[in-house]
Amino acid sequence: MATGIRTNELRKVYHSAPPLAAGGGGFSFAEKRSKGKQPKPEIVALNGISLDIHSGEIFCLLGPNGAGKSTTVGVLTTRVKPTAGEAWIGDHDVWKEQSAVKRLIGVVAQRPNLDFSLTAREILVFHGAYFGLSSHERNHRAAALLERFKLTDRADQIVRGFSGGMMQRLSIARAMMHDPQVLFLDEPSAGLDPQTRLLLWEIIREYNRSGKTVLLTTHNMEEADALCQRLAIVDHGRIIALGTPTELKASVPGGYLVRVRFGRHSPDLFERLQALSGVREVRAAENSGADLYADRGGSLVSEVANLALAANIELCDVHISEPSLENLFLHHTGRSLRE
Amino acid sequence: MNYKAFMAMLARDARVARRNIVALLFQTFLQPLMFVFIFGRVMVGSGYMPPSYKSLLLPGIMALSMVGTGIWAVAMPLIGEFQFTREIEDRLLAPMDISWVAIEKVVAGTLQALAAGLMVIPFAWLLLRPGVDLSLHRPILFAVVALLVAVFSACGGLALGCSVEQTHIGLMFSLVVAPMIFFGCTYYPWSALANFPVMQKIVLVNPLVYASEGLRATLVPQFPHLSLLAVFVALLGFNALFLTVGLRQFHKKAVS
């Protein structure tokens with residue numbers, strides 16, 4: 001059965017620091033009881049997220065830290081109760097039919113949440129048992145996954161001593177253990193070396209080829225670009241853009257972004273920059289800077305330099321970006337994803 | 001309820017317990033048996049305590065071992081597994097209602113408490129004999145009391161484990177567990193508090209009192225003890241209360 005993911009106007013408001021199930025923060029705070037005098041601080045983690053992820057697609061939520069990616073995954077995996085809105089996995093309402101939903105999903109959390117009292121093999125085998133696999137089946141699958149994720153030589157050791165990368169690989173193997181229809185991966189490649197990242201990408205693609213839906217979150221544009229069929233860019237709990245990587249990149253005016261910084265601010269110079277051929281949009285940036293969205297990159301630099309020279313304004317810095325998701329994020333939010 | 005997942009989680013807990021069996025045995029029996037030795041052998045042998053104290057002490061030690069084991073077996077793993085490593089997550093994501101994950105912990109804790117209670121009797125008896133006068137005339141009543149005590153310890157462990165942060169474990173023991181033990185009529189019968197009438201009333205809010213007195217009533221009925229009816233009613237009430245509070249706290253911790 002093909003299984004997609006849908007959400008409708010999901011909202012989540014926290015009244016204290018987001019708890020750990022949402023993947024937010026590294027510490028838990030005891031909830032402070034206010035006595036009706038001070039209103040509790042409200043943190044809006046999700047502010048109306050509506051998604052329709054098709055069955056069998058690799059979909060990516062791209063956004064900076066704290067954008068609401070993990071909370072979205074938390075809601076979709078039954079771990080976070082939404083303040084308002086609805087979510088479905090296939091035909092099942094996530095909040096009302098939790099057990100049915102949990103059968104369909106595999107989840108890789110942002111931080112390894114392995115059962116530290118068990119060995120790597122036991123983690124997989126017990127996970128299979130929780131999902132009702134027969135003894136033969138779970139042993140067989142555990143062995144195959146350990147092999148696939150290059151963990152066989154450490155299979156019978158307690159996982160407490162594992163490196164971060166090994167824990168991450170084991171978390172992914174565990175999520176695949178019961179062959180879920182939908183796989184959630186929350187920042188799967190954070191902390192992985194480039195080689196392991198490539199292995200992970202290959203495994204995700206292979207899993208997807210068998211008809212499974214994959215939802216992954218990342219703040220890494222290259223990963224989103226390389227892996228996803230469609231993606232949503234999320235910021236401050238809202239979706240600010242949605243489409244295929246190619247569509248989204250094409251939606252940036254011109255595509256190229258030339259970021260320049262001058263010695264001083266001059267509205268007159270900005271007007272002349274705007275008039276350059278190929279320049280679609282000029283936006284003022286911090287420190288007397290300007291962001292030029294244009295359909296060409298390098299060839300624009302000499303013309304910008306000439307204009308600055310003519311206006312007797314020093315050109316301090318130039319940076320050219322080719323069409324990218326980063327440009328798109330910057331265009332929508334005025335901030336860099338990396339900030 | 002998903003029977004397979006539930007049994008798999010019990011099997012998981014059994015595997016972990018078996019792996020830590022030596023530490024578990026020390027943790028369960030060392031303190032109670034040292035108590036038995038000092039009070040039952042040293043104090044009685046030197047004449048500071050009457051010989052009959054041996055029989056009086058044993059049910060109290062049994063209650064203490066059971067309650068200590070049950071609370072520890074449920075609370076400590078929960079406190080750890082709900083910390084930032086979120087080890088419990090794989091069980092919360094198993095295809096069954098998350099309340100059953102909590103109930104599985106209670107069942108595992110109950111079984112451990114029963115094992116501790118039943119094993120401490122022969123150990124203590126060996127340490128104390130001769131002169132221990134146990135009479136198991138009403139085995140079914142004894143079994144019911146023992147079961148209620150074990151369930152109480154596990155439900156108490158659930159409520160505590162889901163209410164206490166890791167940084168407050170020490171406080172939990174010094175503020176909750178230690179007073180509960182000392183005012184739990186484990187080393188003396190409830191009637192011995194007759195000289196302190198106010199305290200005798202106050203300690204009735206302590207569930208361990210009913211555990212100790214219940215085991216005393218069914219193992220050494222020759223000593224004064226609370227009525228079994230009071231013991232049943234109180235333990236059932238505490239079990240229901242701790243289970244309700246524990247499940248509520250568990251949900252709060254599990255879902256944000």
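**View 1. Right-handed crossing of helix 2 and helix 5 in chain B of the predicted model.** The two helices, residues 21-45 and 98-128, have axes that come within 10 Å and cross at roughly 30°. Helices are DSSP runs (H or I, at least four residues) numbered from the N terminus; axes are lines fitted to C-alpha atoms over the stretch in contact, with angles from 0 to 180 degrees between N-to-C directions. A crossing is right-handed if the near helix is turned clockwise from the far one by less than a right angle.

This is a predicted model, in which local features need pLDDT of at least 70 and side-chain atom pairs count only at pLDDT 80 or more, while totals for chains, interfaces and linings use all residues. Residues are numbered from 1 along each chain as its sequence is written, and chains are lettered from A in the order in which they are written.

**View 2. Domains of chain A.** The assignment, automatic or from a database, gives domain 1 (5-248) and domain 2 (253-322). Their C-alpha centres lie 41 Å apart.

**View 3. The largest nonpolar core, with 165 residues.** Such a core is a set of buried Ala, Val, Leu, Ile, Met, Phe, Trp, Tyr and Cys residues joined through C-beta atoms within 7 Å, buried meaning that 20 or more other C-beta atoms, placed from the backbone, lie within 10 Å of a residue's own. Cys60(A), Phe184(A), Leu292(A), Val149(B) and Leu158(B) touch the most other members. Helix 3 (residues 53-81) of chain B contributes the largest share, 16 residues, and each domain of chain A supplies at least three.

Conventions. Buried ≥ 20, exposed ≤ 12 C-beta atoms within 10 Å, placed from the backbone.
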